[in-house]
Each structure stands twice: as structure tokens, then as C-alpha cells.
Amino acid sequence: ATPMSIMVGVGRGAGLGVLIKNAEALERMEKVDTVVVDKTGTLTEGKPSVTQIVTAAGFEQDDLLRLVAGVERASEHPLATAIVNAATDAGLTISAATDFDAPVGKGVIGSVDQRKVRVGSASFLTGEGLDPSALTAQADRLRADGATVIFAGVDGQVAGIIAIADQVKGTTPAAVVALRAEGVEVVMLTGDDRLTAEAVARRLGIDRVEAEVMPDHKADVVKRLRSEGRVVAMAGDGVNDAPALAAADVGLAMGSGTDVAIESAGITLLGGDLTGILRARKLSEATMSNIR
Ligand code: ADP
Ligand code: MG
């Protein structure tokens with residue numbers, strides 16, 4: 001490739017909010033036929049909030065929220081922020097947790113006011129020896145609506161579920177349609193539950209969903225798609241997404257994302273939504289046709 005044309009492309013990209021760190025990423029982008037997108041913070045606003053709390057028999061809503069917020073206060077996950085905000089808005093006094101642990105992609109554990117509190121996915125609580133089955137039907141109803149459902153255990157008993165919703169970015173459905181018109185398939189990749197992911201995907205017009213993927217397996221999904229002969233771009237914003245960004249033909253970091261994601265990507269999109277992917281692709285086509 002002519003360095004001059006690439007430099008022009010990089011310069012034009014800067015004006016379009018497409019920051020190119022790696023010239024090869026710009027060259028490859030026009031050949032991309034599959035865009036893998038992290039759900040939280042990329043397809044959605046990344047500002048989740050608590051929409052409903054369902055308690056198990058014998059537990060009060062405020063007690064549950066206070067205990068859960070105690071452990072979540074030590075977590076930096078967007079779901080944790082939503083829970084702490086809900087507790088603060090309800091005027092609750094949050095005690096600090098001791099013995100805090102946060103198994104990645106699963107949830108959080110800690111002791112609050114002498115009680116052992118576990119918060120996370122249903123499978124995480126099951127793995128910890130708790131039985132979430134009494135609340136599974138209610139959880140599925142909330143998931144079918146697109147909410148992320150977090151299970152809370154207190155002292156070895158499942159005490160309730162918390163539904164957390166994140167608004168989808170308004171620009172996403174049109175961008176999905178436009179990408180498909182260009183022959184690009186959009187694949188949603190998330191650690192969230194399958195029912196929730198599919199409900200959100202349907203709303204966005206996304207056909208293919210890879211759900212319940214642990215953070216350390218996100219890169220494997222990208223590698224599997226590449227091994228099918230696809231040219232894959234991965235778009236993400238989280239620390240969790242960094243290995244998948246690095247495994248893709250083109251890594252696309254959201255400008256609003258973490259530094260780790262930005263360092264792992266060849267291109268950073270300042271707008272932070274899927275429209276930027278279309279812009280990057282058009283820029284790549286223009287640049288490469290200049291060279292040919
Ligand atoms: P995503 O792919 O949406 O970024 P993560 O891999 O971060 O999701 O998390 C996957 C799942 O693990 C979440 O949907 C949730 O069930 C659980 N989880 C992770 N961190 C937390 C937390 N701090 N509090 C509660 N649940 C959590
Ligand atoms: Mg994420």
C-alpha cells in the first residue's frame with residue numbers, strides 16, 4: 001500500500017471520529033464481513049438502572065438491596081453501579097463489605113453486617129451451592145423483556161432477584177440495517193443470559209447471538225468465526241473485551257471505553273456506537289480504492 005494514501009486516510013479518519021492506530025486495520029476494514037459486538041456499553045448505553053426487585057419468602061426488599069449494595073460497592077462493574085445507585089436513591093445506609101471477592105464474569109461475594117452475601121448470575125449461585133429455582137420463572141419473565149437478572153444469596157439462601165435494564169443506543173437498529181446492506185453480519189457477544197441477550201438482539205434487528213460467554217472465552221468466539229473463513233472485526237469497550245479485540249482481524253475500541261480496550265484495538269471510534277463502524281468501513285474502501 002502507498003504510505004501516502006494511508007496517511008491521507010488516517011487524517012480523514014481523525015475528522016470523522018475514526019482514530020486509526022494501525023495502518024493494517026485501515027487496510028483490512030473494507031474486507032470485514034462479520035462484526036462481533038459486545039452488548040453492554042456498545043449496543044446499549046452502558047448506564048444500566050434497577051427496574052425491579054423480587055424478594056424470596058422471608059426477605060424484605062430494603063434489607064436485600066442494602067446487603068447487595070454493600071458488596072457491589074466494592075465492584076466496578078456497570079451492574080454494581082446500578083445497584084449502589086438504587087440503594088442510595090432509596091435512602092439506604094450501605095455498610096461496607098469485608099472478605100470481598102469478584103470472580104470475573106460471575107458476580108461478587110462478601111460479608112455485610114455479619115451476613116454472607118453472594119450476588120451474580122443464577123449459575124454462579126448454583127455453583128456456590130445455593131438453589132435459585134424458586135425465582136427462575138420470575139427471572140425468565142424479566143429476561144424476556146430484555147432485563148439482566150441478578151440473583152442475590154444471603155447466608156446460603158437465595159433471597160431475591162434484581163432486574164437491571166440498559167437502554168439500547170438509538171442509532172443501533174439503523175446501523176445494523178446499513179451494515180447488513182453492505183454484506184456485514186452483526187453478532188452480539190455477551191456474558192449475559194441467553195434469554196436477555198436474545199430479547200435485546202431482537203429489538204436491535206441482530207440475528208446472531210453468542211450469550212453466556214465467560215470473559216476469557218470471548219477471544220475464542222472471535223477465533224472460531226475467523227476459522228470459518230470470515231474476516232472479523234470486534235467492537236468492545238471493557239477490560240474483558242481486550243483479548244477478543246486483539247484476536248480479531250480488526251479491533252474496534254469504543255472511545256468511551258476503558259484504556260485497556262483502546263490499547264488492544266487498531267481503531268478507536270469516538271462516537272462510541274455502530275455508526276462509527278460503517279464510517280470506518282467506508283473510509284477503508286475509499287483509501288484502498290485510491291491505492292488500487
Ligand atoms: P458482559 O459481557 O455483559 O460485559 P460480564 O462478563 O461482565 O458481562 O458479566 C457476565 C454476568 O456475570 C453478568 O450478566 C452478571 O450475571 C454477572 N456479574 C458480573 N459481575 C457482576 C457484579 N458485579 N454483580 C452482579 N453480577 C455480576
Ligand atoms: Mg462488557
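**Note on the ligand shell and the sheet**

1. In this predicted model, ligand 1 is surrounded by 22 residues. The closest are Ser75, His77, Gly105, Ser121 and Gly191. Several elements give two or more residues each to this shell: α3 (39-43), α5 (78-89), β5, β6 and β7 (148-154).

2. What is the make-up of the shell around ligand 1: how many residues are nonpolar, polar and charged? Six are nonpolar, 12 are polar and four are charged.

3. Domain 1 covers 3-45 + 169-291, and domain 2 covers 49-165. Each of them supplies at least three residues.

4. Now the sheet. Six strands form an open sheet with antiparallel pairing. Their order is β3-β8-β7-β6-β5-β4. The edges are β3 (49-55) and β4 (98-101). Each has a single partner strand, so one side of each lacks a neighbour in the sheet. From one strand to the next, the twist averages 15°.

5. Look at one pair inside that order. Strand β5 spans residues 107-112 and strand β6 spans residues 115-120. The two pair in the antiparallel sense over six bridges. Within this pairing, Gly107 stands opposite Gly120 in β6. Both β5 and β6 are also among the elements that give two or more residues to the shell around ligand 1.

6. On confidence: the average pLDDT of the chain is 94. A score of at least 70 is reached by 99% of the residues. For the complex, the predictor gives an ipTM of 0.96 and a pTM of 0.89. Where pLDDT is low, the predicted coordinates should not be read in detail.

Notes: Residues numbered from 1 in each chain as written. Chains lettered and ligands numbered in written order. Predicted model: local features only at pLDDT ≥ 70, side-chain atom pairs only at ≥ 80, totals over all residues. Pairing = 2+ DSSP bridges. Helix = DSSP H or I, 4+ residues; strand = E, 2+ residues; numbered from the N terminus. Axes fitted to C-alpha atoms, helices over the stretch in contact; angles between N-to-C directions. pLDDT = per-residue confidence, 0-100. Near = placed C-beta within 6 Å. Nonpolar A, V, L, I, M, F, W, Y, C, P; charged D, E, K, R; others polar. Domains from an automatic or database assignment.
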